[in-house]
Amino acid sequence: MAESAPAAEKKEARGMEAVKEINDCGDHFTTLRLPLPTLDVLERPVWEITTEEVERAYRKLVRWCHPDKRSNMTDDEAEECETAFKRLKKAKEILSDDEKSGPYVREWVVDHGLARKTKEKEAIENTDLVKSAEIMREREEERRKQMAAKRGEEQQELGSSIVKEMERKRKVAELARLEREKRQRLLEEDSDSDDAQAKFKSKGPTVGKKGGDEDEEEREARLA
């Protein structure tokens, strides 16, 4: 569905405003409407934007000044769009390349007075750019690895503690079993000893019948 004339004019006006804003920018960061660099606690340049974010910012703005959009423009408007298009391309080229963005960010930090002393300026000019977004991801990944390792150690310690506790309970149960068996053997031995004594007492002394007959015969012989 084709846009109405007022809507199309409004869109073109908004596009030319965006083009003028791009041409009025003084650095690549504001050209792409990206955050400006800062300094970290160690006085190092920090820029928290990834290459993907640079590409996304470029695609969002280039639609206002791309050569394909200049067919219905005046010569002055086309010239402004061409200038804006070149500025966007240059900004993307610098900021999406780590080898180029590092020196550019360091220079910007020094030129805009973030480094207050000459010594700090020299340190900044000689230091490597800190791409904090990437560093933050690396630190977050390292933190996750450390937490995972710590959880693994805790689980291992817990598992070891459980195994030790189970082994202790097994030994206690084994000692209790041996003690019960020992008491049972002692009770059985005492019972056997009591039965033997009772049997011995109930039996009493015995006299052979043959011996008794012989004594009687000897007494009769002596009397005769």
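Start with α4 and α5, which pack at an angle of about 100° with their axes 6 Å apart. Axes here are lines fitted to C-alpha atoms, for helices over the stretch in contact, and angles run from 0 to 180 degrees between N-to-C directions. α4 and α5 are therefore roughly perpendicular to each other. On that wording, angles under 35 degrees count as roughly parallel, over 145 as roughly antiparallel, 65 to 115 as roughly perpendicular, and the rest as oblique.

On the α4 side the contact is made by Glu-93, Ile-94 and Leu-95, and on the α5 side by Lys-100, Ser-101 and Tyr-104. Contact means heavy atoms within 4.5 Å. By type, the residues of this contact of α4 with α5 are three nonpolar, one polar and two charged. Ala, Val, Leu, Ile, Met, Phe, Trp, Tyr, Cys and Pro count as nonpolar, Asp, Glu, Lys and Arg as charged, and the others, Gly among them, as polar.

Before going on, some ground rules. This is a predicted model, in which local features need pLDDT of at least 70 and side-chain atom pairs count only at pLDDT 80 or more, while totals for chains, interfaces and linings use all residues. Residues are numbered from 1 along each chain as its sequence is written, and side-chain values use heavy atoms, with hydrogens and water left out.

pLDDT is the predictor's confidence in each residue, from 0 to 100. The protein averages 77, and 71% of the residues score at least 70. Over residues 117-121 the pLDDT is below 50, and this stretch has four contacts in the model beyond near neighbours in sequence.

Now the overall layout. The secondary structure comes to eight helices and two strands, in the order α-α-β-β-α-α-α-α-α-α along the sequence. Helices (H or I, at least four residues) and strands (E, at least two) are DSSP runs, numbered from the N terminus. The protein has 224 residues, and 24% of them count as buried. Buried means under 20% relative accessible area, exposed over 50%, and partly exposed in between, with a 1.4 Å probe and protein chains only. Of the contacts between residues at least 6 apart in sequence, 63% join residues at least 24 apart.

How are α3 and α4 arranged? They pack at an angle of about 175°, and their axes are 10 Å apart. α3 and α4 are therefore roughly antiparallel to each other. From α3, the residues Val-54, Glu-55, Tyr-58, Leu-61 and Val-62 meet Phe-85, Leu-88, Lys-89, Lys-92 and Leu-95 from α4. The contact of α3 with α4 divides into seven nonpolar residues, no polar ones and three charged.

In soluble globular proteins, nonpolar side chains tend to be buried together. A nonpolar core is a set of buried Ala, Val, Leu, Ile, Met, Phe, Trp, Tyr and Cys residues joined through side-chain atoms within 4.5 Å. The largest one here has 27 residues, and those with the most contacts inside it are Leu-32, Leu-34, Trp-47, Leu-88 and Leu-95. Two or more residues each come from α1 (5-24), α3 (51-62), α4 (75-95) and α5 (98-111). The largest share, seven residues, comes from α4. Leaving out residues up to four places away in sequence, Leu-88 touches Ile-22, Thr-31, Leu-32, Tyr-58, Leu-61, Val-62 and Cys-65.

Finally, some single residues. Is Ser-101 buried or exposed? Ser-101, in helix α5, is buried, with a relative accessible area of 0%.

Helix α3 holds Ala-57, which counts as buried at 13% relative accessibility. Not counting residues up to four places away, Ala-57 touches Leu-32 and Leu-34.

Arg-33 sits in the loop between α2 (28-31) and β1 (38-39). Its phi is near 60°, a positive value in a residue other than glycine. Arg-33 is partly exposed, with a relative accessible area of 48%.

Glu-53 is also placed in helix α3, and at 28% relative accessibility it counts as partly exposed. Beyond its neighbours within four places in sequence, Glu-53 is in contact with Leu-34 and Glu-48.
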